[in-house]
Amino acid sequence: MMRVLRIIGTALLALVVAGGLAITIVPRFLDRIYYEGPASAHFDGARFFNPDGDDDTLRPPGKTGRRGFVWSYLTGSDGRPAWPDRVPVRTSRPAARVAGDRMRVTWIGHATVLIQTQGLNILTDPVFGDRAGPFGLGPRRVAAPGITFDDLPRIDVVLVSHNHYDHLELATLRRLWQRDRPTIVTSLGNDGVIAQSGARAVALDWGRRLALRPGITVAVTRNHHWGSRWFADRNRALWSSFVVTLPSGGSIFFAGDTGFGDGNWPREAAALGPIRFAMIPIGAFRFAPGQMASGAHIGPADAALVDQRLGAAHALPIHWGTFRLSYEAYRTPPALLALANACAGNAGFSPAPIGVAQDVPVYRAPAARPMMTRAAMLRCLDTPAARALR
């Protein structure tokens, strides 16, 4: 009986893999046109691209081909370490508002962060669902949201970095829109996706800004990634990071989802004003043993370099410990970040538990430190302690 069940399970899995491959290769009907406009330095008239090169975002992460990657991911036959099914989360109930230069931030999970300052409530890439994917599929959340949706204060501004399911969740956006009518800011083309929720978004190109209030603007800035909802619609919408400038106390930076690319985009963001608080991803980077980055995702090594280039006074590591998107162990991202920060001499860039609010002091320039190259970082991390992290 067990043998029959295994055969049936393998056949069903093969059908899923075949369907996934067909979706990536065949169907024009799954394509979407999210944006139409003139060609630019990162738009060819049909699709967006990274001006610093797309080779690292086009091929599947790891060392196998696309079919091998999909099969090993679905079957778990890649030797990945075990993850917990659930981790304990202590939820919190934030204040309705935080006035003036005071800033209070709460990591809700993955790339969702609540930032409260200047009387504004800002929410990044809001995802409150239990799965990160379409039709109830996709990785299951192992950590509950650190703030329940019903305990969210009234949200004024939502930043949506791109259209991947773990960053753009229509159900959550629909609830936010129906409840609060926030100003939703995103990059070109994603407003068409967001409109499927009934919400309206302001879509801007890299380098453009939107005034929120006197002295407060949000700028859409470059990073290094890609976008798709259905595989065939790849790069029909743009990806981005954001800088929120404030009247005083320093700016806010949200990296979104990003690879390292040319490494210059953090400096471009920092040029818009001193970064008081940054949100930098550190997870979903390892698809082969010892891998430190996956093209479209920085790992802790690159995150420490991004922090240096931003000159951020304080930074929160995000994009880890909520949805399992790659093969590193659950605690590897923060453990490896501690080693990378020691290599770079970084301070003020350390993990916070989901759901625990933190006060962020006004900007004060971090101690001067020599900029570290990527090669030097990887040499520094070539140690038994780093190699032992799976």
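**Notebook: strands, sheet and helix packing**

I began with strand E1 (residues 103-109) and strand E2 (residues 112-117), which run antiparallel and are joined by six bridges. Within this pair, I found Gly-109 opposite Thr-112 in E2. I took two strands as paired if DSSP finds at least two bridges between them. Helices (H or I, at least four residues) and strands (E, at least two) are DSSP runs, numbered from the N terminus.

I noted that this is a predicted model, in which local features need pLDDT of at least 70 and side-chain atom pairs count only at pLDDT 80 or more, while totals for chains, interfaces and linings use all residues. Residues are numbered from 1 along each chain as its sequence is written, and side-chain values use heavy atoms, with hydrogens and water left out.

Next I traced the sheet. Seven strands form an open sheet of mixed pairing, in the order E6-E5-E4-E3-E2-E1-E13. Strand E6 (201-204) and strand E13 (357-359) stand at the edges with a single partner strand each, so one side of each is left without a neighbour in the sheet. Neighbouring strands of this sheet are turned by 20 degrees against each other on average, direction ignored.

I then looked up helix H4 (residues 170-180), which lies across strand E3 (120-124), strand E4 (157-160) and strand E5 (183-187) and runs at about 160 degrees to E4. Axes are lines fitted to C-alpha atoms, for helices over the stretch in contact, and angles run from 0 to 180 degrees between N-to-C directions. Contact means heavy atoms within 4.5 Å.

The contact is made by residues including Pro-300 and Ala-304 of H7 and Leu-336 and Ala-340 of H8.

I turned to strand E11 (residues 275-281), which runs parallel to E12 and is joined to it by five bridges. Met-279 stands opposite Leu-316 in E12. Four of the five residues of strand E12 (residues 314-318) are buried, so E12 is largely enclosed by the rest of the structure. Buried means under 20% relative accessible area, exposed over 50%, and partly exposed in between (1.4 Å probe, protein chains only).

Finally, I recorded totals. The chain has 10 helices and 13 strands, and buried residues make up 55% of its 390 residues. Among contacts between residues at least 6 apart in sequence, 72% join residues at least 24 apart.
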